[in-house]
Amino acid sequence: MDNTSPYTRPSAPVAVNYASYDSSSSAGKENRRSWTPPPAEEKRGGIECQLFERAFEDMLEERDIPHGVRSQLRSMDHSKKLNILRASESQTRLPPSSTTPSRHTPSPYVLHKSRARSSSFSSPFEPPSSAPAPRVRPTSELPNPKKSGADSPVAFAAMLAREKSTTMDVERVKKLRSLIRAESVGWLADFLGCGGYEGLLERLEEILGVEWREEQHDDQLLHELLRCFKGLTTTDIGKSALLSSSPRPFAPLVALLYTDKKPGSLSTRQLLIELLTAPLELYSTSPAPPPLPHDTAAQLVRALLLNPRDEEAEKVHDFIRVAKKPRVFKMLLNECYEIERDFFWCFGHKSNGIWSHADVDVSAVQRLRFRVPGGMTAGVEYEAIGYLTAVFTLTNDLCESALREPAHSPANALQLHADLFASGIDRHIYTARQASLTHYPLLHYQLSRYLSLAARAGFSVPWSVARFLCAPPEHVCRARARARLESAHYSKPGIGRKVVRGGEFHDAPPRLGEMERGERLAL
C-alpha cells in the first residue's frame, strides 16, 4: 500500500509489558496471564504505576479513543482501569497455535501507536484537494475473503463491493458496525484502504434510491449503515474518510429526510440527524476546507438544511413573492411539528418554564445521559422526545458554529436566528417546554441553550418566549446561582423575570412586544 495514503495503517509498535509491571522480572513473564495488582500503597507511585499508566495510554492510542472519552477513562478507579486493560489484552492475544506475531494479529503485549503519534502521518486530516486519494483496489483484485478470514477487513470490503443492498445480509452489516467501533486503528485502516468507505457510500445511496423499501430488511439495513457511518466519527482515520467525499453522504440524507420516503423508525431518523452534526465537528478540527462554494462548516450545514428548491414557487410574479414571508427552515422544523402532533400527550405540563442557561450546571445535565432506562424512559415516547432533542441539538450546534461567522456572511448567527424565528421555531419552543422535567431534562437543556445562543448573537427574543424564563431545578442548578435565584425570588415563569441593565439584575414588567434595545435576558 502506498505510504502517502491517508489510510495507511500505523507502524512502529510500542512493546509494553503491562501484565506484570516489572519488565525485568522473570517471575512477571511467567505470571502474565494470572497477574494480580500490587498493594494499594504501591499504586500511587514508583515504576509500577508509571508502567501501568504508560500501558493504559498506549491502549487508548491503539483503540483511538476520542479525546473527550479519554479524560473520563483516565479519571476512573484503578481497578476499573485494570479491567479495561485486561479486556483489551484478551482481544489482542494470539491464537494458541500461533507463535510469531504477524501484521494482522498483533502480539498480546504489543500496542500500536495511533495515527497522531506515528511519524508516517503529518496530520490526522488531509485536505481532499492536496492529499492523494486513497488507493482503492478493484473488486477483481481483492483477495479471496475465505482465505483472509470471515471477519477480516478485506472480507467486509469485498462484501460491500460485490453484493447489492437489497440482498445484503443485515447481520453481516451489524457485525461490520461492531468491528468499526471496537477494532484497532490498523483494522480500520485496512478496511478503508481496500475501498470499504466507498462501498459504504455506494450501498447507502443504493438503498436510498429504492422506491419501496421493505421494513423487515431495507429499513433495518439502512439503520445499520447509518450506525457504520456514526462509528467512523469516533476515530481520526474514520473522520478523514468522512471528509474525503463530502458532501456525501450528508446531502443524500437530508434529501431523504425532506421526502415521504424517510424511515418511519424514530431511532433511525435520530441517527440521521446526529450524522448531520458531524461536519460541524469534523471541519472545526481539520485543515481541510469544506467543499465549494462554502467557506466554513456552518455555511455547508446551513445550505444542507435549507428547504429544497421549489421551481414552481420561483415562477410566480414578483409582487406575490414579496408578499410571502420566507420560511427557509420550514422543512427542518416540520420534524418538530410531527413529533408534537403525533405524541401530543407528552406535552401536558403547561406550567413548565425555560431554564436560565447561565444558572444550569452543564456537568449535572450531562450525567443524566447515562441513566438506566426504565418505566417512562423506555417507551415510544422516550424515542420521540429523544428525536426532538436531536433536532434542537443540531440547531444549537449550527447556531454555535455560526457565532464565528463574520457579520457580512450570509450564515452569520444573527441572520440564522432571524430565519429560524421566521420559520416558526418559537412555536416549537413553546410546545416543547411542556414536556416532563423529570423524564426529559436533556430537551429542556437544549431549549435553554438555544435562547442563550440567540442572546449571544444579539437577537431580541420575543416576549411570547422570553416570559417563560425561570430557574432550573435544584439538581441541575449551579450552587452559587441557587442562592442568588432564591434571594431574587424567581417564582413562576413570566413573574419576576430578570433582565440585565448595566451588569445588574432588575425586575422587568410584562410586555407584549419584544424586549427593548439594550436589554438581554439573563440566559
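Predicted model: local features only at pLDDT ≥ 70, side-chain atom pairs only at ≥ 80, totals over all residues.
Residues are numbered from 1 along each chain as its sequence is written, and side-chain values use heavy atoms, leaving out hydrogens and water.

View 1. The secondary structure of the chain comes to 26 helices and seven strands, where helices (H or I, at least four residues) and strands (E, at least two) are DSSP runs numbered from the N terminus. Among contacts in the chain between residues at least 6 apart in sequence, 73% join residues at least 24 apart.

**View 2. Helix H8 and its surroundings.** Helix H8 runs over residues 170-182, and its 13 residues reach 18 Å from the first C-alpha to the last, close to the 18 Å expected at 1.5 Å a residue; the expected span is 1.5 Å times one less than the number of residues. Its buried residues are Val170, Val173, Leu176, Arg177, Leu179 and Ile180. An α-helix has 3.6 residues a turn, so residues three or four places apart point the same way. The partners that the buried residues of H8 pack against are helix H7 (153-162), helix H9 (185-193), helix H10 (196-208) and helix H11 (218-232). At the start of H8, a side-chain oxygen of aspartate 169 comes to within 3.2 Å of the backbone nitrogen of glutamate 171. This is a polar contact, defined as a pair of N or O atoms within 3.5 Å; within protein, one must be able to donate a hydrogen and the other to accept it, and residues adjacent in sequence count only if both atoms are side-chain atoms.

**View 3. The largest pocket and its lining.** The largest pocket has a volume of about 1700 Å³. Of its 47 lining residues, Lys230, Glu274, Thr277, Arg369 and Thr393 are the closest to the centre. A pocket, found on a 1 Å grid over the protein atoms alone with a 1.4 Å probe, is an open set of points with protein on both sides within 12 Å along at least five of seven lines, and lining residues have an atom within 4 Å of a point. The volume is the space filled by probe spheres set on the points, which are joined across faces, edges and corners. Among the helices that each supply at least two lining residues are helix H4 (67-74), helix H12 (236-244) and helix H24 (441-456), while H21 gives the most, with 10 residues. By class, the lining has 18 nonpolar, 15 polar and 14 charged residues; Ala, Val, Leu, Ile, Met, Phe, Trp, Tyr, Cys and Pro count as nonpolar, Asp, Glu, Lys and Arg as charged, and the others, Gly among them, as polar.

View 4. Threonine 233 sits in the loop between H11 and H12, where its relative accessible area of 17% makes it buried. A polar atom of the threonine 233 side chain lies 2.5 Å from the backbone oxygen of lysine 230. Beyond its neighbours within four places in sequence, threonine 233 is in contact with Lys239, Leu242 and Ala278. Leucine 282, in helix H15, is buried at 2% relative accessibility. Although 49 residues separate leucine 282 and threonine 233 in sequence, they are 8.3 Å apart in space, C-alpha to C-alpha. Not counting residues up to four places away in sequence, leucine 282 touches Lys239, Leu242 and Leu243.

**View 5. Two cis peptide bonds in one loop.** Serine 246 and proline 247 are joined by a cis peptide bond, with omega about 15°, and proline 247 is in the loop between H12 and H13. Another cis peptide bond joins arginine 248 and proline 249, with omega about 0°; proline 249 also lies in the loop between H12 and H13.

Technical notes:
Buried < 20%, exposed > 50% of the residue type's maximum accessible area, 1.4 Å probe, protein only. Contact = heavy atoms within 4.5 Å.
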